[in-house]
Amino acid sequence: YPEVLRTFTFSWDYMMKGLVIDKTRGNVLKVDRHNYVKLAYHGFRPMEAHERKAMYNTNYQSLNFDSEDFSLVDTLFSLAEAYLFCQLVELKDSDKEEAKALSTKSYTQLYRDLRTAVDMCHRDGSLKKSVAANPEIYIHQDPHLKHMLEMARTSNGGRRLFLATNSLWDYTNVVMNYLLDGKTGADKSTDWLRYFDVVVVGCGKPNFFGSSGQLFHVDVKTGHLTNTDNGAPIVPVDEADKVELPLQQGLDEPEGPRVFQGGSYRDLHRMLGVSSGDQVLYVGDHIYGDIVKAKRMIGWRTMLVVPELSLELELQEQSMGLQAEIRALRRERDALDDEIQRHEWALQPGHVTAPGTQAHAETLAVLTRLKIRQIQLKAQHSQQLQTLHAKHHPIWGQILKTGYQNSRFAHQVERFACLYTSHVSNLAFYSPNKTWQGRLDLCAHELDSVVEGGGDSRPPAAR
């Protein structure tokens with residue numbers, strides 16, 4: 001790859017979660033819940049509507065965005081990957097001298113090389129070393145987090161709390177020290193473990209929710225691993241007559257083996273006394289690796305953390321007047337379309353008005369005026385939609401909407417997240433014993449009557 005790549009800079013707010021990367025064509029897409037592609041960019045170039053529709057929407061129902069040809073932008077890490085991919089596409093398509101080095105590489109090869117490079121950054125520890133050296137730069141402390149955990153532990157005899165992460169012990173200890181106790185460097189300790197009954201690092205999610213892996217006990221002082229028998233300590237054969245250990249130490253005992261690596265959800269269920277998946281509320285921020293798999297494979301109750309929701313709700317409140325105007329324009333357009341179609345029907349041979357009659361001429365005149373108004377309304381409506389769209393994000397719009405439809409990301413949230421919120425600490429504003437009820441499902445014929453009756457069909461949302 002040419003050295004010019006070292007001069008590339010990253011615009012952190014260009015991409016958003018929920019987008020889809022088309023590896024084979026070098027495109028980034030925003031898709032609605034019906035798999036209909038509403039926005040498409042080739043590199044950083046917006047695709048024209050006719051180009052986008054011809055490429056994706058003639059057979060949109062057969063598109064499989066979960067296939068190897070596509071990649072989902074569903075984590076904060078993937079925002080950077082998507083942006084770099086667009087930069088590579090732009091360079092490959094350019095007539096710059098440096099682009100010659102990429103001429104033999106397909107878009108798929110560009111993406112594959114990019115992913116390899118990013119994986120290497122994860123494996124060699126360079127990313128995590130930067131975070132560990134200055135956690136205050138990269139990690140946002142939440143003042144309500146500790147309070148929420150304490151409330152959960154003290155409610156009705158206490159909930160069992162666990163932490164399950166793909167990170168290994170060394171990095172987990174850095175992050176949790178800073179998050180819960182504000183400790184860094186040599187001041188780090190294991191005091192943060194007091195908030196949890198079980199900690200499982202190196203889970204390997206989403207495989208953690210299916211296949212069974214070897215479960216190891218982590219020595220939190222050295223980071224060394226020792227074998228376990230389903231979570232119970234194993235005594236070396238040559239020391240069996242010297243040491244007596246219980247088959248399984250209680251989770252509440254301070255010296256109990258509370259930190260593990262690997263294993264599967266079955267080990268976690270056994271240690272926490274869980275007999276059914278719906279006894280667990282699992283909170284995660286990865287729609288696929290956390291929420292979809294946990295819900296679909298083992299039936300856990302799920303809460304998706306969507307940090308972008310805070311700003312989304314704030315902008316939504318600020319745009320209430322604009323949204324009301326857009327809805328009014330939509331209703332006016334629908335009514336106007338109906339009127340135009342009735343007049344067009346009346347002008348057909350053998351119908352109400354015959355050619356050459358005064359009624360026919362009058363109907364034509366009315367139809368002409370209506371079509372002029374139709375063009376005006378469409379332009380006004382499109383402009384207002386674009387204004388609302390740009391308030392949330394100048395390129396991609398609202399994270400949970402694609403035009404009038406829910407986005408593909410929103411559809412996954414609805415299907416697999418029992419709850420969703422901007423921060424897990426929002427639970428601190430509710431009783432730990434609160435029962436969360438599913439929202440009222442409404443069919444299209446019920447919506448108007450609910451709104452006219454003074455009710456609000458929108459579900460409450462916590463920020």
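This report describes selected parts of a predicted model of a protein chain.

## The chain as a whole

The protein chain has 463 residues, and 40% of them count as buried. Its secondary structure comprises 14 helices and 16 strands.

Contacts can also be sorted by how far apart the partners lie in sequence. Taking contacts between residues at least 6 apart in sequence, 67% join residues at least 24 apart.

## Valine 31

Strand β2 covers residues 27–31, and valine 31 belongs to it. Is valine 31 buried or exposed? Valine 31 has a relative accessible area of 1%. Buried means under 20% relative accessible area, so valine 31 is buried.

Leaving aside residues up to four places away in sequence, valine 31 touches Val20, Tyr36, Val37, Phe65, Thr402, Ser407 and Arg408.

## A parallel sheet and a helix across it

Three strands make up an open sheet with parallel pairing, in the order β12-β13-β16. Its edge strands are β12 (281–284) and β16 (419–421), each of which pairs on one side only. On average, neighbouring strands of this sheet are turned by 20° against each other, with direction ignored.

Strand β13 spans residues 301–305 and is joined to β16 by three bridges. In this pairing, methionine 303 stands opposite leucine 419 of β16. Helix α9, made of residues 287–298, lies across β12 and β13 and runs at about 165° to β13.

## Strand β8 and its two partners

Strand β8 (residues 215–218) pairs with strand β11 (residues 259–262) in the antiparallel sense, over three bridges. Leucine 215 stands opposite glycine 262 in β11.

Strand β8 is also joined by three bridges to strand β9 (residues 225–229), and these two strands run antiparallel. Here valine 218 stands opposite leucine 225 in β9. The hairpin of β8 and β9 has six residues between the strands, and glycine 223 in this hairpin takes a positive phi near 80°.

## Helices α2 and α3

Helix α2 is formed by residues 76–93 and helix α3 by residues 107–123. Their axes come within 10 Å and cross at roughly 140°. Angles over 145 degrees count as roughly antiparallel; α2 and α3 are therefore oblique to each other. The crossing is right-handed.

Which residues of α2 meet α3? They are Phe77, Glu81, Leu84, Phe85, Leu88, Val89, Lys92 and Asp93. Sorted by class, the contact of α2 with α3 has ten nonpolar, one polar and four charged residues.

## Helices α11 and α12

Helix α11 (residues 320–346) packs with helix α12 (residues 358–392) at an angle of about 155°. The axes of the two helices are 9 Å apart. With the cut-off of 145 degrees for roughly antiparallel, α11 and α12 are therefore roughly antiparallel to each other. The crossing of α11 and α12 is left-handed.

How do the residues of the contact of α11 with α12 divide, and how many are nonpolar, polar and charged? There are eleven nonpolar, eight polar and eleven charged residues.

Terms used
Residues are numbered from 1 along each chain as its sequence is written. This is a predicted model: local features need pLDDT of at least 70, side-chain atom pairs count only at pLDDT 80 or more; totals for chains, interfaces and linings use all residues. Side-chain values use heavy atoms; hydrogens and water are left out. Helices (H or I, at least four residues) and strands (E, at least two) are DSSP runs, numbered from the N terminus. Buried means under 20% relative accessible area, exposed over 50%, partly exposed in between (1.4 Å probe, protein chains only). Contact means heavy atoms within 4.5 Å. Two strands pair if DSSP finds at least two bridges between them. Axes are lines fitted to C-alpha atoms, for helices over the stretch in contact, and angles run from 0 to 180 degrees between N-to-C directions. Angles under 35 degrees count as roughly parallel, over 145 as roughly antiparallel, 65 to 115 as roughly perpendicular and the rest as oblique. A crossing is left-handed if the near helix is turned anticlockwise from the far one by less than a right angle, and right-handed if clockwise. Ala, Val, Leu, Ile, Met, Phe, Trp, Tyr, Cys and Pro count as nonpolar, Asp, Glu, Lys and Arg as charged, and the others, Gly among them, as polar.
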